[in-house]
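These are my notebook entries on a structure that I examined part by part. I wished to record how its parts are put together, and I kept each entry brief.

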There are 2 protein chains.
Amino acid sequence: MQRIINDPDNVVDDAVRGYLRASPSLYAATDHPRVLKYAGETPDKVGVVTGGGSGHEPAFLGYVGEGLCDAVAIGEIFSSPTADAFLDAFRAADRGRGVACLYGNYAGDNMNVKMARQMAEMEGIDVKTVIARDDVASAPADQRDQRRGVAGEIMMWKVGGAAAARGDDLAEVIRLAQKAVDACSSIGIGLSSCTIPANGKPNFSIEPGHMELGIGHHGEPGIEVAPLTDATSMAKSMCDPVLADQDFTGGEVAVLVSGLGATPNMELNLLYAHIADRFEAESITVHRADIGNYFTSLEMMGATLTVMKLDDELKPLIDAPARSLAITR
Amino acid sequence: MQRIINDPDNVVDDAVRGYLRASPSLYAATDHPRVLKYAGETPDKVGVVTGGGSGHEPAFLGYVGEGLCDAVAIGEIFSSPTADAFLDAFRAADRGRGVACLYGNYAGDNMNVKMARQMAEMEGIDVKTVIARDDVASAPADQRDQRRGVAGEIMMWKVGGAAAARGDDLAEVIRLAQKAVDACSSIGIGLSSCTIPANGKPNFSIEPGHMELGIGHHGEPGIEVAPLTDATSMAKSMCDPVLADQDFTGGEVAVLVSGLGATPNMELNLLYAHIADRFEAESITVHRADIGNYFTSLEMMGATLTVMKLDDELKPLIDAPARSLAITR
């Protein structure tokens, strides 16, 4: 296991210490070792909170900052943060106007957010949630409530964060964050596995010469394991289910292609060229494309595609200023 | 070879097409397929050019943008751009006030920049160069002219780019870019190899359970191959030669910790915590720390450390606004 770590069981705490030391203008510690809050001035606004397992950096903590999230609950690698951590994140983000908790659809996160929300409400903190369910490979469109949240969460944080930053109230932040992630369809393609330090070996495998279409962010099984194809075919395999999921034709979209960790940026851009060709052929206008490591799975190879349908309400929120480790505009 | 590519021999051209499609507000094509220029307005200013082999993304093309480089010459993977490409980059960047070509000390780049410069001067384009030599592992301090350029190049582009953007003349841009990279000491540590698509197999190897201190960006041999240690010891192994190279004690520095490609961001931040501890112990004040994948080697695992001594002249240029794929401030 070729890692830069000390005790494999303390990787997350040790990394959090590093983020705090490296980015003091972004992160402030809280009383909870697994909760970071934005270090800058936060005016009287709706608090925006996210949280999730570690190993997906820059998600989740990289989206704390100006025009994005105000606090983050940090879990073990590929595990939900505790209910206590979510509760302390709500406390850190609350300015008396309520808290929007924007996170992904995983059993552990759902359970812990629910508990934290009940505890927060006993303290008089109004918490509303949006649960991202953008991974088209994880369930069909008519069972969207069973879908996992993947990189569409970034669009949800961007839109919800921008709405909160301009002063929208909690109901409006929630409405817009929900609208943002509902407008997203995502899919991943995995080319190799990854190793959780505390385990010491890969928790799933992809044979060389193969790829897994629809793989989840923790190696959850996808739609099919197939022989590795060229980038043109991979782009088609990713675009087909995404474009079948919503009617994007003739509209304007924001596109995000994220690497899963170890795939070089040049390959992500190479893949995007073929995605862009397809969109052009379908009369879909790309308003903006962000290509890079935005939501990873340790050192997995592969990529995810997220396509978001834009309208006059979402577009200015996607384009609004932001400052964080992951996005600066 | 688990890659997202089409023809392995056309990876660079295919990727350039992707960068152009993904980031039209940053990149414009030129008549040369391996030269991109900044797509935004470039006022009457000194042109700043860089160039180098591909596979180091976001270097080199990710540093084209506002307050950074105006044009880039793009080589094959781990190979110098051609002299023609450098020449066309000079032409693309020249606004009649001359061109600063800021690149790294590698034989192929030196030869091709020299030829391109001679051709440019026949056309009346005044080109001056700064050659980065910041890798302390590649030669001792008294043979600095033999050192390779590594991630200190980023500081050189940032300072030179900011000086050009504020209207400094060519001599001043060159003086400041040279001062910037002379103020940098860097070292890398490699934990795994990488595979050039056209070769199909790793061009060097690092055995599991081992690491290579001082490794170059193309797998050039380092100072020593040693058993893999914990992050605390790795930080010490990296800090010792860097802090011995220049007298940083009592001063202010900018620090860059770059991943080599496949090492997760959380490990880079974890490593940085130990580097920051050491700096604190040596009374070195960190003005800013940038931690992430800023200068990679395909999917190598490992990290590089660059430390730059700041003064009142360099600090505002490091902090100046910039917009590019790699750095936005």
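Entry 1, the domains of chain A. I first looked up the area buried between domain 1 of chain A and domain 2 of chain A, and found about 2300 Å². Carbon and sulfur atoms give 65% of that area. I note here that the model is a predicted one. For the bounds I took the domain assignment, which places domain 1 at 12-182 and domain 2 at 184-309. I then recorded the distance between the C-alpha centres of these two domains of chain A, which is 23 Å. In residues, the contact involves 29 from domain 1 of chain A and 31 from domain 2 of chain A.

I asked how many salt bridges are counted between domain 1 and domain 2 of chain A. The count is two. I also looked up the pair A:Arg144 and A:Asp245, whose side chains form a salt bridge with an N to O distance of 3.9 Å. That value falls within the 4 Å cut-off for a salt bridge. For polar contacts across this domain interface, I noted 12 residue pairs, both residues being at pLDDT 80 or more.

I next turned to the interface of chain A and chain B, where the buried area is about 4500 Å² and carbon and sulfur atoms give 58% of it. In chain A, the residues that lose the most area to chain B are A:Gln2, A:Ile4 and A:Met266, which together make up 21% of what that side buries. I recorded 56 residues from chain A and 56 residues from chain B in the contact. Eight salt bridges are found across this interface. I looked up the side chains of A:Arg17 and B:Asp277, which meet in a salt bridge at 2.9 Å, N to O. Polar contacts between chain A and chain B number 24 residue pairs, with both residues at pLDDT 80 or more.

How is chain A laid on chain B? I found that a turn of 180° with a shift of 0.0 Å along the axis does this, at an RMSD of 0.0 Å. The two copies are therefore related as by a two-fold rotation axis. Among the residues of chain A, A:Ala262 comes closest to that axis, its C-alpha lying at 2.1 Å. I also noted that 100% of the interface residues of chain A are interface residues in chain B as well, so the copies meet through the same surface.

Note on methods. Residues numbered from 1 in each chain as written. Chains lettered and ligands numbered in written order. Predicted model: local features only at pLDDT ≥ 70, side-chain atom pairs only at ≥ 80, totals over all residues. Heavy atoms only, no water. Least-squares fit on C-alpha atoms with pLDDT ≥ 70 in both. Contact = heavy atoms within 4.5 Å. Domains from an automatic or database assignment. Buried area = accessible area lost by both parts, 1.4 Å probe. Polar contact = N/O pair within 3.5 Å; in protein donor to acceptor, adjacent residues only side chain to side chain.
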